[in-house]
Amino acid sequence: MNTGSNAKITFNSLNNGGIHDLKAALTYLTEQPGVDSQRLGAIGFCMGGSFAIAWACTDNRLKAIAPFYGMNPRPVEAVARMCPVVGSYPDKDFTTSHGQKLDVELDRYNISHDIKIYPGTKHSFFNDKGSRYDAAASEDAWGRIMVFFGEHIGVNV
């Protein structure tokens, strides 16, 4: 990592070591008995949501992803290579604009998606152990994931 005064940490880089680790883990998973390599998806929260988005831009084995409060990859045009996306974002968060931009970009590239901004919610609204938990938004988001993954992966999660 560059430690100079102009250094930026890019958690959403397409060439991030974490993305390489996720690909290796998926390779291991697909080698296991009973795993259908045609029905693979990923769910990620916060940095994990950002990783899910970047990962899906670089790995066509993923058939659907569900990022929560994730950031977009750089360059954002990389989403042209993505699988279908069901994304959940709070309206009072630094990631809200990322969800809005992702929605526009996925429209632009005709990629199936369901991006929803939840009014009145904040970062970590899905964490039922946290102070920002929103039961209604969480229930709706999980229901959307179940339906979306069922449609795009072919099984219910």
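How many of the 8 residues of β3 are buried? The legends below describe close-up views of a predicted model.

**View 1. Strand β3 and its neighbours.** β3 is mostly covered, with 6 of its 8 residues buried. β2 and β3 run parallel and are joined by 2 bridges; F68 has S88 in β3 as its bridge partner. β3 also pairs with strand β4 (residues 113-122), in the parallel sense and over 7 bridges. In β4, Y118 stands opposite P90. Between β3 and β4 the chain passes through helix α3 (residues 96-108), and this β-α-β crossover is right-handed.

**View 2. N72 in the loop between β2 and β3.** The loop that holds N72 lies between β2 (64-68) and β3 (85-92). N72 is buried, its relative accessible area being 5%. A polar atom of the N72 side chain lies 2.9 Å from the backbone oxygen of H98.

**View 3. Salt bridge between R144 and D114.** The closest N and O atoms of R144 and D114 are 2.9 Å apart. R144 is buried, at 11% relative accessible area, whereas D114 is partly exposed at 27%.

View 4. The closest N and O atoms of E105 and R108 are 3.1 Å apart. Both residues lie in helix α3, 3 residues apart, or about one turn of the helix. E105 is buried, with 3% relative accessible area.

**View 5. Salt bridge between R39 and D36.** The N to O distance in this salt bridge is 3.5 Å. R39 is partly exposed at 42% relative accessibility, and D36 is partly exposed at 37%. The whole structure has 6 salt bridges.

How values were computed:
Residues are numbered from 1 along each chain as its sequence is written. This is a predicted model: local features need pLDDT of at least 70, side-chain atom pairs count only at pLDDT 80 or more; totals for chains, interfaces and linings use all residues. Side-chain values use heavy atoms; hydrogens and water are left out. Helices (H or I, at least four residues) and strands (E, at least two) are DSSP runs, numbered from the N terminus. Buried means under 20% relative accessible area, exposed over 50%, partly exposed in between (1.4 Å probe, protein chains only). A polar contact is a pair of N or O atoms within 3.5 Å; within protein, one must be able to donate a hydrogen and the other to accept it, and residues adjacent in sequence count only if both atoms are side-chain atoms. Two strands pair if DSSP finds at least two bridges between them. A crossover is right-handed if, with the strands pointing away from the viewer, the path from the first strand over the helix to the second runs clockwise. A salt bridge is a side-chain nitrogen of Lys or Arg within 4 Å of a carboxyl oxygen of Asp or Glu.
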